[in-house]
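Biologist: Can you walk me through this one? I'd like to start with the ligand.

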Amino acid sequence: MAHHLSHLTPTPVRASGSHRGGQVAADRALDGFDVTGYATTRSTVEPIERRGASGLSPWIRHGLLPLRRVWAHVEGGPTRDVERFRDELLWQEYARHLYARLGVRTRRSLRADPPAGGDEQWSAEEREMACVGAELTALERDGWITNQSRLWLASQWSVRGRRAWQAGEDLMFRSLLDGSRAANRLGWQWTSGAGSARPHVWTRDQVEQRAPGRCAGCARRDDCPVEAAPTTGHPDGSVDPGLERLLRHDDVPHLTAGPRVVERSGDGPPDTVWLTAESLGDGDPALAAHPGLPAVFVFDEPLLGRLRLSGTRLVFLAECLADLATRRPVEVHLGEPIRVLAERRVAVTAAPVPGHRRHRSRLGDAVVELHPWPWLVTPHDGSVRSFSAWRRR
Ligand SMILES: Cc1cc2nc3c(=O)[nH]c(=O)nc-3n(C[C@H](O)[C@H](O)[C@H](O)COP(=O)(O)OP(=O)(O)OC[C@H]3O[C@@H](n4cnc5c(N)ncnc54)[C@H](O)[C@@H]3O)c2cc1C
């Protein structure tokens, strides 16, 4: 991996300390997850053995654990825990719907424009704070941190640090194994106040409660920068009318959702299943429909050159492919998907993200079978302005 991909990443090419890629690892993690106690312990950061969070997000993100399967897994658990957990799965689905509808426009603030300026890196003083520094270290080493820690980091960056949320979002996106523009942008919009009713504010109390003992070892324990809440109002600004309209109504919900049944074109059957990072599991609909065909994955060199994902994320993807290759033929390429696939007859699952739609339209007739995306809930044409508005509908 280092030999082939190190020119595409700013960080060492090495495996995560916490998560392995692949269906086998995903299945094992899901089998081992018991939802009991989730509602109470979801936000625990330390001690690690008391964390209630499932840690399933990297496999969910890359389609190895479809939301419907995870939803079904917790059936029969304690009602309060099951409801809370399924609520989080719905947040994931909401983020996907929002992104499928808005695409790159999710980089614009959806409700208000928080003040932005300053450096686009974490400062040495911030790294000195145990709450921030230890989470950044874990993020860089493992590519995974809890939701609570993400809130601390995003709020420190944007609300206390008054830096552009988009720059912080980029940094976190690159490091997370589960980094998706859908959920990461939603998390940052929500935390910074750009897309929510008010910014998320955190203080030392939360650190003491969620990670007891952390502050005792902190170099800044006697002059803690997050001892008190910052004075912040809701940021000013309004959303442009075009975006506002799109948030409230989708004129083309069938395009947002993608096909509902398999769409076939051309004369003959496919000769290749094209896999993308959105859907790397054995259950990928196109893959499952063609057990005898080779699966082709392309590390998109121009795209990765721009994204600068962590080496750990790249290894995670490669682990998924290596695991799949123990069960069926897999070809892995480095280059441009269009060049690798243009002369083939491709079956693929319609991932609801703008980059995938772009590639599909450039491939044109080469795509002879388009399989539906396995939504948990089919996207509707009503409001996605907030989670509750989306959910009501
Ligand atoms: C600033 C910020 C950035 C985030 N970036 C991402 C990201 O890039 N990718 C990502 O998948 N999640 C992101 N989240 C959401 C959430 O933090 C992670 O999904 C969760 O921490 C993953 O850990 P888990 O699997 O143990 O979650 P659990 O608590 O066990 O939840 C189960 C699943 O529900 C989904 N989920 C849980 N919380 C959320 C949420 N708030 N929003 C959307 N889905 C959720 C995830 O798929 C998760 O795996 C972000 C949150 C914040 C505040």
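Modeller: Domain bounds here come from an automatic or database domain assignment. This is a predicted model, where local features need pLDDT of at least 70, side-chain atom pairs count only at pLDDT 80 or more, and totals for chains, interfaces and linings use all residues. Residues are numbered from 1 along each chain as its sequence is written.

Biologist: Where does the shell put the ligand relative to domain 1 and domain 2?

Modeller: Domain 1 covers 18-105 and domain 2 covers 124-223. Both give residues to the shell, so the ligand lies between them.

Biologist: Which residues come nearest to the ligand?

Modeller: A residue is near if its C-beta atom, placed from the backbone, lies within 6 Å of the molecule. Of the 28 residues around the ligand, the nearest are Ala53, Ser54, Ser57, Asn184 and Gly187.

Biologist: Which elements give two or more residues to that shell?

Modeller: Helices here are DSSP runs of H or I, at least four residues, and strands are runs of E, at least two, numbered from the N terminus. Those giving two or more residues are helix H4 (57-61), helix H6 (79-102), H9 and H11.

Biologist: What stands opposite threonine 272?

Modeller: Strand S2 (272-275) and strand S5 (346-349) run parallel, joined by three bridges. In S5, the residue opposite threonine 272 is valine 346.

Key
Pairing = 2+ DSSP bridges.
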